[in-house]
Amino acid sequence: FDDVKSQLMSLAKQDPASKAERALIGGKTYFSYAQIHEAVSGAAPAILEWKPDVIVAIGGGGFIPARMLRTEVKIPILAVSLELYDDATMTANVKVVKKQWFDETSGVGKLVRGRRVLVVDEVDDTRATLQYCVEELLETNVPAEIATFCVFNKLKPKKGVLSPDVKMFVGAEIADNWSCFPWDAAAYGNDIREHERLARVCAGEEDLSR
């Protein structure tokens, strides 16, 4: 706590002009629900123009952004569970692990085959998860077209590759730093109010004097 407090004190003394880029706290940058919602809403008009039929949300990080987006694009959501990062070690697995897929024989699952599918995740980091999900959809469920939407795209070289036919939507570009999202607040030892405060500090929206 003392280390974090000292870093926050340092951030608070920065010139306001230096806050155009997100600050780091303990080598991490924090994002608030409001900041994520703004990025999702900013991408919604372009996504609506693409006219998706159904969202496939990659869990766990894509679930909440997909729900935010659904309010604006008004289409149903399917969930899949893929794991690239190990929550216990906070490191990347050697390959993407498929934990759960949807049943296309009933309900919303019928909206995938031969339709326009939007894959949603919280961040495009290495692109490995997106590549796995898109390829699995094409092989297993055969949609007519696929696009992807990530709330954030990390500006870094990618390991995964997507076909040029796959349209990519992004809410915002971010630096290649460890990103902390509000649904994971407890994993970093914070309650949600402290997490949201740290996110506002990282964005230069608040300092310790407020």
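Residues are numbered from 1 along each chain as its sequence is written, and side-chain values use heavy atoms, with hydrogens and water left out. Because the model is predicted, local features need pLDDT of at least 70 and side-chain atom pairs count only at pLDDT 80 or more, while totals for chains, interfaces and linings use all residues.

Helices are DSSP runs of H or I with at least four residues, strands are runs of E with at least two, and both are numbered from the N terminus. H4 covers residues 128-140, and its 13 residues should span 18 Å at 1.5 Å a residue, in agreement with end C-alpha atoms that are 18 Å apart; the expected span is 1.5 Å times one less than the number of residues. Buried residues of H4 are Thr 129, Leu 130, Cys 133, Val 134, Glu 136 and Leu 137. Viewed down the axis, the buried residues of H4 fall within an arc of 165°, so they line one face of the helix; the arc is taken from the directions between the helix axis and the C-beta atoms. Here buried means under 20% relative accessible area, exposed over 50% and partly exposed in between, with a 1.4 Å probe and protein chains only. After H4 comes Val 142, with a positive phi near 50°.

The cysteines come next. The whole structure holds zero disulfides, a disulfide being a pair of cysteine sulfur atoms within 2.5 Å. For Cys 180, the nearest cysteine sulfur is that of Cys 202, 8.1 Å away. Cys 180 is buried at 0% relative accessible area, and Cys 202 also counts as buried, at 1%.

Aromatic contacts complete the picture. Six aromatic pairs are found in the whole structure, where rings of Phe, Tyr and Trp (its six-membered ring) pair if their centres lie within 6.5 Å, planes under 30 degrees apart counting as stacked, over 60 as edge-to-face and the rest as tilted. Among them, Phe 152 and Phe 181 are stacked, with ring centres 6.1 Å apart and planes at 15°. This pair joins strand S6, which holds Phe 152, to the loop between strand S8 and helix H5, which holds Phe 181, 29 residues apart. Phe 181 also stacks with Trp 183, at 5.5 Å between centres and 15° between planes. Phe 181 is buried at 4%, whereas Trp 183 is partly exposed at 22%. Phe 31, Tyr 33, Phe 152, Phe 181 and Trp 183 form one aromatic cluster.
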